[in-house]
Amino acid sequence: MKRIAHLIVLIALLGAGWSAKAQGPLGYVNVPLIGQKTNVWCWAASGEMAMQYFGVNVQQCTEATFQFGQAQGVNCCPTPAAVCVSGGQVVISHYGFTYQQLGGNQALTPAQIEDQIAKRHEPWIFNPYCANSGDCGSWGHVLTGVGYFAPFQGLPNIAAFPGLFFLIVNDPWPPNTGSFYLEFYPSYKAGCWWGNGSCTGYAEGWDIYDIVPPKPQPPKVKFPTLVAKYIPPEDVRALLAGDPNPEKIAELSWRLVRPALTEEAATNLGFESAAAAERARITRPVEQFDISLARLRAWKPQSDVEPLLEHTPSLLVPVEAGGRMRASIRLRQEEKRWRLSAIGSPQFTAAWERAHAAGGEFIVFVQGLEVAFAGKRAGGKLTLISLFNDPELRQKEGEEMPANRALAALAEAAAGYRGNGATLANRTQR
């Protein structure tokens, strides 16, 4: 009986298009992953994803026209003018949607998230934002929550592990790509997301939930096949406690998720098959450095680049199978202990693998502009390799150039920065 009490009921948590019939260890709704069309349209992309799930198709540029273009007689479609490329607020209320909304520095509880998915069969929109401008400036991000994973729910020993809860996320970043991953609940509550390395100064708040469309829509759900696996409780305790050794936490994290990967789930994570995922192994952690908008604005193109780079308490640990990087594990450091932040994002992992093959040694992320590079040093010089295409900021995936040149091209955009996304406005209540 004791062994049965320690069983973790694991499901194919990453299969597209299904949800739990009732509250249970897993739920997922079939929301399309849509990348943001500019580096600051996360708010529009998240709105587009949620509305499209309910059968209402509104392009991001149409949302931008409503929010920015109308007053100046500008149509942001198909090619957005400069006035359209700006941080904004989620505007789904304009298209007939109503919703509930949290206040600042508040996060949905696990029970509320389960209710959204398992009972209401609905996504929600969430908003990690800078709550302390002295630490992180004035930018945030908007993402779409599409599911949850609570492996101990319903089992006799759930009380021993209340912190073991994941969100399943459709992140509209990177531009034109998006990313798909599981985020550990403590990271969500702390205002973290995949690209944000430090989370310092951030909070979660203004989440939009209990979304009601203008016309009822049938829920897009399927029912997963349950797979029971045994995981030693001591492994779970060690994962929740964190560890000074990041590779230990990465290994424990992968050991927890790996048994849940069916064929469909493994494919969504970038693996060729569930068997390939079973044989996968974690690889060497990759460091991340951030460049703040404030420092980039004050920087002179002729000056040294190195002082711009701020080492973050975040690591990327790729998961390899068949000689290829398939997914990644995001770790963050708190009080000298590494903790799980998120798992997945085959989109980001593939971009990093290509840049790593070209010599990339570490990640460089430009805050606010949400531009990612792989960095390498040779002969005392820093070189940056663009990880993603971003025509607006003249970024071409795989393009390699001296850091001074790469950042000089972004300095003008930093000076004219007009914010990212938020859910702060349009707080329509049902």
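The legends below describe several close-up views of one predicted protein model.

Residues are numbered from 1 along each chain as its sequence is written, and side-chain values use heavy atoms, with hydrogens and water left out. Because the model is predicted, local features need pLDDT of at least 70 and side-chain atom pairs count only at pLDDT 80 or more, while totals for chains, interfaces and linings use all residues.

View 1. Helices (H or I, at least four residues) and strands (E, at least two) are DSSP runs numbered from the N terminus. Of the 430 residues, 59% are buried, where buried means under 20% relative accessible area, with a 1.4 Å probe and protein chains only.

**View 2. The largest nonpolar core, a set of 130 residues.** A nonpolar core is a set of buried Ala, Val, Leu, Ile, Met, Phe, Trp, Tyr and Cys residues joined through side-chain atoms within 4.5 Å. The members that touch the most others are Phe271, Leu296, Ile329, Leu369 and Leu407, and helix 2 (residues 42–53) gives the most to this core, with seven residues. Leaving aside residues up to four places away in sequence, Phe271 touches residues that include Trp254, Val319 and Arg326, a contact being heavy atoms within 4.5 Å.

**View 3. Leucine 269, in the loop between helix 9 (263–268) and helix 10 (274–278).** Leucine 269 counts as buried because its relative accessibility is 2%. Although leucine 269 and serine 345 are 76 residues apart along the chain, their C-alpha atoms are separated by 7.1 Å.

**View 4. Helix 12, residues 346–357.** This helix has twelve residues and reaches 16 Å from its first C-alpha to its last, close to the 16 Å expected at 1.5 Å a residue, the expected span being 1.5 Å times one less than the number of residues. Its buried residues are Pro346, Phe348, Thr349, Ala351, Trp352, Glu353 and Ala355. Just after helix 12, glycine 359 takes a positive phi of about 110°.

**View 5. The largest cavity, which holds about 70 Å³ of space.** On a 1 Å grid over the protein atoms alone, a cavity is a set of points where a 1.4 Å probe fits but cannot get out, and lining residues have an atom within 4 Å of a point. Grid points are joined across faces, edges and corners, and the volume is the space filled by probe spheres set on the points. Of the 13 lining residues, Trp193, Trp194, Asn196, Arg330 and Ser341 lie nearest the centre of this cavity. Strand 15 (324–334) and strand 16 (337–344) each supply at least two lining residues, and the largest share, three residues, comes from strand 15.

Notes: Buried means under 20% relative accessible area, exposed over 50%, partly exposed in between (1.4 Å probe, protein chains only). On a 1 Å grid over the protein atoms alone, a cavity is a set of points where a 1.4 Å probe fits but cannot get out, and a pocket is an open set with protein on both sides within 12 Å along at least five of seven lines; lining residues have an atom within 4 Å of a point.
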